[in-house]
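Student: I am new to this structure and would like to go through it step by step. Could we look at it together?

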Amino acid sequence: MTETRTPNRRHFFRQLLGTDQHAPNRAPWHRVPEVGAGDGDVLWSGWSGDGELFVVGDEGRVLRYTGVADAEGRLWQTMAVPERLPLHGIWGLTADNLYAVGWMGCLLHYDGEQWHKLRGGRIDERSGRFAASEENTPLFAIDGNELGQAWAVGDDGVILHFDGVSWQRETCPTQINLRAVACADNSTVYAAGGEGTVLKRDASGVWAALDCPLGSGFQTMLVQDDGSLLLGGGRYFVDHGGFRGELVRYQNGMFQALNFDEPMPRLRALKSYKDGVLIVGDQGHLYYLNDLRLDKLESNSRHDLMDIIVLSTGEALVVGDFGTIMTAAEDFTQALAPPPQAADASPWELMDVPSKHQLWGIIEGVDGSCYACGEAGSVWRLRDGENSWEALPAPSELAVHCLWDSGNGLFAAGQLGRIYRFGGTEWTLHFELHLDVTIMAMWGSGPDSIYAVGDEGLILHFDGLRWQRMPSGTQSALYGLWAWDNEHLLAPGDFGLMLRYNGKEWTEFNVGTESFLYGVWGDSLSNIYTIGLSGTLAHFNGQRWQQMATRLRDDLLAISGSPAAGAYAVGTRGCVLRLEGEQWLTEPSGSEVGLRAVCATQGGTVYAAGDRGTILRRLTKVNGVRVMAGERENLI
C-alpha cells in the first residue's frame, strides 16, 4: 500500500518523460540494484511517505530506504522483526506508525523504533507447530483511511478492523478467500477475492456482497477518482486452454469485463499512475491503462510482479519475485535525496581524435603506448609521452572490439570471430572462426598464451602455435576477461554469469545477481570487482561475492585499475566511478556520451573511450592543484 495521494504526485513523470502526453508510458523499466533480498524471496508490497520507503516480503523481510547509508555503506537496510513469516501487505499514515500483515495471521506494528507483534503466528505448545486457530488465518492485504482506521483481509473471509485503538474481527457475509481491500473517500470500504467475490462496507459498518456475475479470482482493486471500482485478477478459461488475466469495472451498480486484444496473465496490482492506471502481473507483465486503451510496457523482467509503490512525486516502484524492485524513473532516489549541489569540476579532458566511429576497447601496450579500437576496423595509437592519437591501418572493414599487446605483435579481434596480428607495418589474419560470432575481450600472459572470449560462450586460447576453442559450458555471451595469471581467469557475461578458469577447466562462479555483467577487475585474488547492467557492482573478498550499492541507473560497461592510477569504472551517459578506500564514488566526466572502455595505465594516467570517437583522459590537475601519482591516496 502507498501513502495518501497528493496533488503533485504526477510531477516527476511529467518532468521525466517530457511534454509529449501521447506517449507517457513508453519509458523502459529497469531493476533497482542493491535491494538485498535473497534470490528466492518474493517482495509482496511496499509503502512510501515522510521521505522513506518500506518494502515487505518473504521470511518476515522488511527493507527500509531512507537515502542514508549505514556503517557498511548499504542504502537498503533489513529491519529486525519479531516474526519470520511472509509479510504480504503494509499500510500506515506516517513512517513511525505502520502495520504489516502476512502469513498465519501475522500482524506487526512499527512505532518508529522497532517492530512489535500484535497477533498471529500462534504455536501449539504440544505439537510445536502452528495452531489450527482463527488467529492464524493468513492475511493478504491491508488498507486504511485518513482517519487512521484500517482493514486487513485474508483467507476464509476474514476481515479485521482497526478503529485507531485495537484490532477486531468484523462479520463477513462470505467464507471465500479475500485478497484485496480498498478504502473509498466516502467512508465506504471494498474487499474482493476468489470466485468473483466483491464486498462493500457501508458507513454503519455492515458488510454486504455485491452481485458480481463474473467468476474471476480478484487479486487487487483500485477506487478511481470518479468513484468507480477497477478490479484485477484472473481465472482458468477452457476455451483459451489456460489461465488468463481479467480486468473488471464496477460502476453505477454494474460489473463490466474490460476486454482487450492483448492476452494478459494473472494481474496482481493496480495503482493510479499519471492520467491512467499502472497494472502489474505475473511473468514480468506491465501495462498502462488510459481511457480503455491498454498498452504493454517494457519491463525487462520475467519475474512475477506483485505490487506498485507510488511516491508523492508520482514516481513508481514495482516489487515482485526474486527480490525484484523496478522503476521507469531516471533515479527513484530523487524523491528522497537532498537538494542537488553545484557540480564539481571534472578531472577529465576530451582528447582530439579525428574520428566519429564508436570505440569499443582501449589498452596499454608493453612499451607504455595506448591503443584504442572500434567500428569500421579503426585502431588508434597514442605513443608514450605524446598527446595526439594516430590512426593505424585498419585490419579490415569489420568492427574491432578488443586489442592485446603480446610483446611480439599487437592482436585485434571482433566481428566474425576473426583475429588479426600487427607486426608494425601491416595486419595479417591470424585466426578465423568461420562463424558469425563476435570476440569481445582478450588477455594474455605472453606471446605463447593468449585468451579470447565472446558471443555464444566462445573461449579461445593461443599457445604460441595455434588458436584452439575451449569448452565453456555455456551459450551465453561473455563480455570481458580478467586474469591474475594463467591459472586464474574470470569472464563475465549474460544474466549474472561469471566463468572461472583454474588452469584446467572453466566453471561457473556465482556472483548472486541476474544483471548482465560487462567487466571484471581486481588487484589480487581476494579483492575483485565486477560491474554491469543498471549500475550493478559486486565485490569478491576471497570467499564470497557481495553486492554493493551505487545508486546508479546507468549501465557500467568497463572497469580497470593500476597501482599508480587507482581503479575506475565507466558506463552510459558519461558515467564514471572511482574507487576511494572501499567505496566507489561518482566522478564528473564532463561528457554525456556512452563510455565503453577504460584503461588505468601503470604511469598513473587513465583513459576512457566510447561513442562518437570519444576518448577522455583524466587530468593530473583538478581545480588548479597538481595531483602526482605518488601523492594519490591508496585507492586499491
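Student: What percentage of the residues in the chain is buried?

Tutor: This is a predicted model, in which local features need pLDDT of at least 70 and side-chain atom pairs count only at pLDDT 80 or more, while totals for chains, interfaces and linings use all residues. Residues are numbered from 1 along each chain as its sequence is written, and side-chain values use heavy atoms, with hydrogens and water left out. Buried means under 20% relative accessible area, with a 1.4 Å probe and protein chains only. Of the 636 residues in the chain, the buried share is 58%.

Student: Is serine 515 buried or exposed?

Tutor: Serine 515 lies in the loop between β45 (506–508) and β46 (517–524), where strands are DSSP runs of E with at least two residues, numbered from the N terminus. Leaving aside residues up to four places away in sequence, serine 515 touches Phe495, Gly496, Leu533 and Thr536, a contact being heavy atoms within 4.5 Å. Because its relative accessibility is 12%, serine 515 counts as buried.

Student: In β25, which residue is the bridge partner of asparagine 290?

Tutor: Strand β24 (residues 286–290) runs antiparallel to β25, and four bridges join them. In β25, the bridge partner of asparagine 290 is arginine 293.

Conventions. Pairing = 2+ DSSP bridges. Buried < 20%, exposed > 50% of the residue type's maximum accessible area, 1.4 Å probe, protein only.
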